[in-house]
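Student: I have a protein model open and I'd like to learn how to read it. Could you walk me through a few features?

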Amino acid sequence: MAVQRKSGNKKKSVDDKELNIDSNKKYDGTNEKNFESLSSKIPWRKIVTRFLLSLLMIFAVYWTSKKEDFHVFASQKDRIQLTSAQVSCSSAYKKDISKFKDCVPKHCGRLVTDIVVTPEEAAHLLRVSKKGLAFGGSSGGASILDLHSGALSYDNSFINIYEKIKAHGTNKVFTPEDFKVYSNVRNKIQQIISYNFGIPINKLFLTHPTFFSEMTPRIAKTKHDEYWHVHVDKETYPSFHYTSLLYLTDYGIDFTGGRFIFVNEGKNMTVEPRVGRVSAFTSGAENPHYVEQVSSGTRYALTVSFTCDKEFAIADPTMQKLQ
Ligand SMILES: *[C@@H]1O[C@H](CO)[C@@H](O)[C@H](O)[C@H]1NC(C)=O
């Protein structure tokens, strides 16, 4: 039947052709009948089909290019129990971590979880961070507050917040509760890293720098303000083995831009900050990353770093710092 139809069409198109040739001969520009037959010569079906095909192709190219640019690993809108991705450890990381036998991860990679830190704990730490940052702040777009060393961005450099508070008078600014929440949270982050990478919890040690960060769209004044360059944590801080971030504000609500991006060959992976979200990863060259420039609002996060090398362990901060 299909063959029959095909031959029928062929016959018709031959007839059309003959008819058109015929009408072309007679066409003088005024005869309506001839005009109609000319217009029927315009291959509308072909034009429409080609137009639709082009649209489809443009869409396909757009779609695949968009998909290849980045993959949303963790959207702000989703409450994620635990999601993880494995990447092969860089050779330098493998070599370094092999010195700490029980600290070798079962695989290198990344994880995101929204259930480890509660919204109350995140809100508490946001208040702690704002209280501290009120004593200083960078003149450029990025400020840090390190409760361990006391380092606080101030204009184009750093001051010690504990010295500043002590000089300020009797108000100690931070409370025992602040330090308690801080320690609880960092212990919970240590637990999820230990669980995900398969390392005994007591083989991990908190290390320097562990700090709050505040990012704004202000123009960078020093290199400390330029957080948007792709980097490998272990190259900046050789003692790092596992890096984690706790987000204290929401992407798309409190600020725009400022997504965290893992740079991969082929497809980058983004983590959209969400209040209470923990993102953690092995600190080697298997996890190059950067933070997009914040385009509006203010982004707050806490970086919590771990080492397997006891020599680089740091203690949790306490009210002692203010004595
Ligand atoms: C991933 O991010 C890097 C750094 O911004 C960029 O150079 C690269 O083109 C991105 N890769 C893709 C596939 O978009």
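Student: Does Asp155 count as buried or partly exposed, and why?

Tutor: Keep in mind that this is a predicted model. To judge burial, we count the C-beta atoms around a residue: 20 or more within 10 Å means buried, 12 or fewer means exposed, and anything in between is partly exposed. Asp155 has 13 C-beta neighbours inside 10 Å, so it counts as partly exposed. You'll find Asp155 in strand β6, residues 151-155.

Student: What is the phi of Asp155 near?

Tutor: Here's the general idea: most residues other than glycine have a negative phi. Asp155 has a positive value, near 50 degrees, and it isn't a glycine. Val173 is another non-glycine residue with a positive phi, about 65 degrees. Val173 sits in the loop between α6 (161-168) and α7. Because Val173 has 17 C-beta neighbours inside 10 Å, it counts as partly exposed.

Student: Okay, and which peptide bond is cis?

Tutor: Most peptide bonds are trans. Here, look at the bond from His208 to Pro209: it is cis, with omega near 0 degrees. Pro209 belongs to strand β8, which covers residues 205-215.

Student: Who else is in β8, then, and how is Leu206 placed?

Tutor: Leu206 is in that strand. It counts as buried because 20 C-beta neighbours lie inside 10 Å. Setting aside residues up to four places away in sequence, Leu206 touches Arg186, Phe306, Ala313 and Ile314.

Student: What does Val112 touch?

Tutor: Val112 is in strand β3, residues 108-113. With 26 C-beta neighbours inside 10 Å, Val112 counts as buried. Apart from neighbours within four places in sequence, the contacts of Val112 are Phe73, Ala74, Ile80, Thr83, Val271, Arg277 and Ser279. Ser84 is 28 residues from Val112 in sequence, and the C-alpha atoms of the two are 6.4 Å apart.

Student: Now helices. At what angle do α5 and α7 cross?

Tutor: To read a pair of helices, compare the directions of their axes. The axes of α5 (residues 119-133) and α7 (residues 176-197) come within 10 Å and cross at roughly 125 degrees. That makes α5 oblique to α7. Their crossing is left-handed. On the α5 side, the contact is made by Glu121, His124, Leu125 and Val128, and on the α7 side by Asp178, Val181, Tyr182 and Val185. Sorted by class, this contact has five nonpolar, one polar and two charged residues.

Student: Which residues touch the most other members of the largest nonpolar core?

Tutor: That core has 63 residues, and the ones touching the most other members are Leu125, Leu145, Ile189, Leu246 and Leu248. Helix α7 gives the most to this core, with six residues. Take Leu246: leaving out neighbours within four places in sequence, it is in contact with Val117, Ala122, Val185, Ile189, Val278, Ala301, Leu302 and Val304.

Student: And how many helices and strands does the protein chain have?

Tutor: The protein chain has eight helices and 16 strands. Of its 323 residues, 35% are buried. If you take contacts between residues at least 6 apart in sequence, 79% of them join residues at least 24 apart.

Terms used: Residues are numbered from 1 along each chain as its sequence is written. This is a predicted model: local features need pLDDT of at least 70, side-chain atom pairs count only at pLDDT 80 or more; totals for chains, interfaces and linings use all residues. Axes are lines fitted to C-alpha atoms, for helices over the stretch in contact, and angles run from 0 to 180 degrees between N-to-C directions. Helices (H or I, at least four residues) and strands (E, at least two) are DSSP runs, numbered from the N terminus. Angles under 35 degrees count as roughly parallel, over 145 as roughly antiparallel, 65 to 115 as roughly perpendicular and the rest as oblique. A crossing is left-handed if the near helix is turned anticlockwise from the far one by less than a right angle, and right-handed if clockwise. Two residues are in contact if their C-beta atoms, placed from the backbone, lie within 7 Å. Ala, Val, Leu, Ile, Met, Phe, Trp, Tyr, Cys and Pro count as nonpolar, Asp, Glu, Lys and Arg as charged, and the others, Gly among them, as polar. A nonpolar core is a set of buried Ala, Val, Leu, Ile, Met, Phe, Trp, Tyr and Cys residues joined through C-beta atoms within 7 Å.
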